[in-house]
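Here is a short note for a first look at this structure. Please keep the sequence and the 3D view side by side while reading.

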Amino acid sequence: MSDDQRDNEYIDEVEAETGADPVPEPVADGRSDDARAQEAAGRSGMTSEPADQIPANILDQTREGEHPYQWHEGVNREHGSTDAVEFIDVKKSFGRNTVLNGLNFGIPEGQISMIIGPSGTGKSVCIKHMVGLLYPDEGDVLVHGVSVPNMADDDLFEMRKKFGVLFQDGALFGSMNVFDNVAFPLRQHTDKGEEEIGEICNRRLREVGLAGALDKMPNELSGGMRKRAGFARALVLDPQIVLFDEPDSGLDPVRTALLCELIQEVHAENGGAYVVITHDIMSARRVADYLAVLWKGRIVESGPASELFNSPNQFVRQFLSGEARGPLGME
Amino acid sequence: MGSSWLDVPRDWMASLGDIAKFSWRVMAEVFQGRALHFFGETLRQAGILILGSAIVIWGMAFILGLTCGIEAAYFNRALGAPAYAGFFSAWCELREVLPYAFGYMMSAKVGTGLVAEIGAMRISDEIDALEVMGISSLTFLCSTRLLAAWIVLPFMYIAAVGAGFFASYLAVVEQIGEVSSGGYFLIFWMFQNPPDLLYSTIKGMAMATVIVLVGCYYGYTAGGGPVGVGTATAKSMVLNTVLVHVVGMLGTQVFWGTNPRAPIGG
């Protein structure tokens, strides 16, 4: 199939859905971004936010003639639980680069949630806001109803004990072996004796298949082993909220599937709110109870995974099916 | 808006302000006793300092003492006063050569090591990992290192002074041999007293404190991947070299600027 044929198919499909032309003719009339965005907004009826209120870097990611938030329906489907973490109109910029631009959603308690979206769209920044490593420029982040940006340092450190975080590369301490890495939070935050700490660490390391690597230093481990060791360390204090920053990146499909199984097993055993950031749709299908699709610093749509996989939203459908043609291009 | 010639000095001032603020926070964590919550880590860092730096610092001090002793012996012989060779060791070594040498070695060995170690932790998310475990990374990484330096380095410095003095004695009395041991020590002790050793140690410790804080700052704030860590290491070395001289100059002015504390020349 040629590119033109694929384009025509996509245009027909969207016209049938919305009655609108999703990829209008290129505009070369010298009009401002504002005028073009307002026209597109009027066409889609989804947003009327004027372009001069939308950061330039987000406009740059937008096709000519489309509104940047044309596909952001703002639908936040009921997930049947309370929110462990809430984002309330969060905005965050780094210099001139706006990453989060009015983020609103909640992470449900007791479920495995996945935040998915294109690269560079603010997923990792989202996680850092939850644990207070970054603060919003505007808006608020609530953890169990308490505002993170307004916490005093001591309260923040106390609140962080609720969290376990698995970083992309495990973030193991290079000066400690695997066992000491996993034991570190227990030694710092509990009065447990070495024997009990040993039992807990060995159990966690057995769960992640690293029982034979206790004495290995992080630089002796493969990428997958580092992730698993990081997973064991994230779980060792039985946290109420566990965050996984792209646990599947750099793993082969089988190891990814095994890691997903492990996440489900551990969640079934411990409960709590698990948040997984990923690009991998297969992982989302396997693991997610709840999905939030993030793009251009806002949620396109969020809700129970089963509902989102059947969403009529063109962007959500394109992203969850991994198709080349659709609202998301190389912009 | 175009850049002006004022941008560079303005950036320098901003950086110095950041370093001062950071240093104050690190020292405050030590003075408030928070670093003691991680006393195990403090002892580990003290051990690393002793095992990694003591031999290097003592060895360098010994070599400098030997060199100064040889120069002192021949220079004073040329002046017809070989017995005054001990004056060099007592005066110049204690007050200037050893503090500066200590500062240079600390900058090169400890300061750059801190930037590389903490910077590598920063870019590999280890510092973020500490934070999300509910542990203050500033206290755990920086205040413990400063406290370890304060615990270990005075002893290491005084031992280095001893190594330098011993080397000078060997050069002047045993190697060149134009002055007796008693004659050497008569002049040697005439030109120094315990407060001089205290002042010299204060100079050395002030340099060490500055070097540890600058190293921690550049490591803690490193960014931009491995290249960024390398750049931060180079920057810290440059700043530390400048600050070692500033501290050395201020120390000499304050402690001996108005009173040479010597039986001649005052």
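**Notes on the two chains**

1. Start with a sheet in chain A. Four strands form an open sheet in the order S3-S2-S5-S6, with antiparallel pairing. Strand S3 (97-108) and strand S6 (146-147) of chain A stand at its edges with a single partner strand each, so one side of each has no neighbour in the sheet. Strands S2 (residues 83-94) and S3 of chain A are antiparallel and share nine bridges. Within that pair, A:Val90 has A:Leu103 of S3(A) as its bridge partner. Strands pair here if DSSP finds at least two bridges between them. Helices (H or I, at least four residues) and strands (E, at least two) are DSSP runs, numbered from the N terminus.

2. A word on the basis. This is a predicted model, in which local features need pLDDT of at least 70 and side-chain atom pairs count only at pLDDT 80 or more, while totals for chains, interfaces and linings use all residues. Residues are numbered from 1 along each chain as its sequence is written, and chains are lettered from A and ligands numbered from 1 in the order in which they are written.

3. Chain A overall. Its secondary structure comes to twelve helices and eleven strands. Of its 331 residues, 42% are buried. Buried means that 20 or more other C-beta atoms lie within 10 Å of the residue's own; exposed means 12 or fewer, partly exposed is in between, and C-beta atoms are placed from the backbone. Among contacts in chain A between residues at least 6 apart in sequence, 66% join residues at least 24 apart. A contact requires the C-beta atoms of two residues, placed from the backbone, to lie within 7 Å.

4. Strand S8 of chain A. Is this strand buried or exposed? Five of the five residues of S8 (residues 241-245) are buried, so the strand is largely enclosed by the rest of the structure. A:Ile241, A:Leu243 and A:Asp245 point one way, while A:Val242 and A:Phe244 point the other way. S8(A) pairs in the parallel sense with strand S7 (residues 163-166) of chain A over four bridges. There, A:Phe163 has A:Ile241 as its bridge partner. S8(A) also runs parallel to strand S9 (residues 273-278) of chain A, joined by five bridges. A:Val242 stands opposite A:Tyr274 in S9(A).

5. The crossover. S8(A), helix H9 (residues 253-270) of chain A and S9(A) make a right-handed β-α-β unit. Right-handed means that, with the strands pointing away from the viewer, the path from the first strand over the helix to the second runs clockwise.

6. Strand S10 of chain A. Six of the six residues of S10 (residues 290-295) are buried, so this strand too is largely enclosed by the rest of the structure. A:Tyr290, A:Ala292 and A:Leu294 point one way; A:Leu291, A:Val293 and A:Trp295 point the other way. Strand S4 (residues 112-116) of chain A runs parallel to S10(A), with four bridges. A:Ile115 stands opposite A:Ala292. Strand S11 (residues 298-304) of chain A pairs with S10(A) in the antiparallel sense over six bridges. S10(A) and S11(A) form a hairpin with two residues between them, and A:Lys296 in the turn has a positive phi of about 55°.

7. The core. Which residues touch the most other members of the largest nonpolar core? They are A:Leu291 and A:Val293, in a core of 156 residues. Its largest share, 21 residues, comes from helix H5 (residues 137-176) of chain B. A nonpolar core is a set of buried Ala, Val, Leu, Ile, Met, Phe, Trp, Tyr and Cys residues joined through C-beta atoms within 7 Å. Leaving out residues up to four places away in sequence, the residues that A:Val293 touches include A:Ile116, A:Ile299, A:Leu308 and A:Phe319.

8. Helix H4 of chain A. Six of the eight residues of H4 (residues 123-130) are buried, so the helix is largely enclosed by the rest of the structure. Among them are A:Lys123, A:Cys126 and A:His129. A:Gly132 follows H4(A) and has a positive phi, near 75°.

9. Chain B. It has eight helices and zero strands. Buried residues make up 46% of its 266 residues. Eleven residues of chain B are in contact with 15 residues of chain A.
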